[in-house]
Every structure is written in structure tokens, then in C-alpha cells.
Amino acid sequence: MNKTIGSAALLLCAAYSVAADTISDRASTDQVEMVASDDPHMRNAFAKAKATLDDFLQLYRNPKENIKWFSVKVGFSDDNYTEYFWIESFSENDGQFQGTIGNEPRLVKHITAGEAVTFEKSEIVDWLYLDTADNRMMGNFTACAMLQNTPPEEAAQFKASYGLECDD
């Protein structure tokens, strides 16, 4: 389950376009897609994640037994690109966050997969965790935004595969 969920979580790690059959295919091979910086669905996803970030961080600080795999998404810029990464094994110390880059950068070359990074709360654009009691992925608003531009049957299959709930 974690490998499958991890792939879904990494769906939108970078602004990079790769051809694959379906959104589930791209997720299972950790591929990513180009998203315009003014995409209204993605802007809404970022806003929703920021609006609910304090609740997520409270749960992270005091997790329930069935809540696992906390992760946050942060963007890093290089030249004309911003690439978004899920930060794994993150921690918080005096308002400063640390964690490791969860996948191989494709456009931003000054960081590497597995590299330790430090970031501010204000830089977090998305979050997620797994509720193992009912195998649901919570958060991951950016994946939900991507599904807005996906054929309905593909989006439904993706949500079912990963236990992702979106406010459509």
C-alpha cells in the first residue's frame, strides 16, 4: 500500500511533461506534468492546503495510531522553473522545518533526491497523510487539481486506487 500511495503522492512533484497513457500510469511511474503558474485549479489547491495547514500540523504533532506517512510539498526554483517536491520524513523545530527531497529533480538542478532541505511553513503548498483505518489519502489537493483536467473515468479510477477524496 505505501508504494502505491507514495507514487500517487509524488504525482505532482515537478513541472515537467511526460507522455503516458493515463494519470494512474504516470503516477505509478512517478512521472509529472507541466502546470501553468496561473492554473485556477492549482491555485485553489494551494489555497486550500494553506487554509488547512494548521490542522494538518496539529495532527502531525499529535498523531493518532492509524495516521501515517505525513508529507508536505514545497517548491524550489532554478532559472525559469519551479519544481514541487514532496518532502519526506519532515520534522519541525522552533518553527523551522527540515526533511528530505522525495524524488529525482528534473528541472531544478541545485538539489538532489534524498537531499536534506530546510524550509519555512509559508513555503508549504500542499500536505498529505494516510489514514490506515480506512485506507484513505487525506490532503494531496494538488493531485485533486490535476484530476480536474482528467477524463472523469480516469479520475474516478485514480481516486479509487489511491483512496483519495477530492471536493469536486
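Colleague: Which exposed residues does the face of α5 turned away from its buried side carry?

Modeller: P152, E153 and A160. Exposed is over 50% relative accessible area, buried under 20% and partly exposed in between (1.4 Å probe, protein chains only). Helices are DSSP runs of H or I, at least four residues, and strands are runs of E, at least two, numbered from the N terminus. Bear in mind it's a predicted model: local features need pLDDT of at least 70, side-chain atom pairs count only at pLDDT 80 or more, and totals for chains, interfaces and linings use all residues. Residues are numbered from 1 along each chain as its sequence is written, and side-chain values use heavy atoms, with hydrogens and water left out.

Colleague: And which residues of α5 are buried?

Modeller: E154, A155, F158, K159 and Y162, in a helix covering residues 152–162. Looking down the axis of α5, these fall within an arc of 130°, so they line one face. That arc is taken from the directions from the helix axis to the C-beta atoms.

Colleague: What comes just after α5?

Modeller: G163, with a positive phi of about 65°.

Colleague: Switching topic, what does F90 touch?

Modeller: Leaving out residues up to four places away in sequence, its contacts (heavy atoms within 4.5 Å) include F56, L57, Y60, F70 and F119.

Colleague: Last one: where does N135 lie?

Modeller: In the loop between β5 (124–131) and β6 (136–139). N135 is partly exposed, at 44% relative accessible area. Its C-alpha is separated by 9.0 Å from that of L164, 29 residues apart along the chain.
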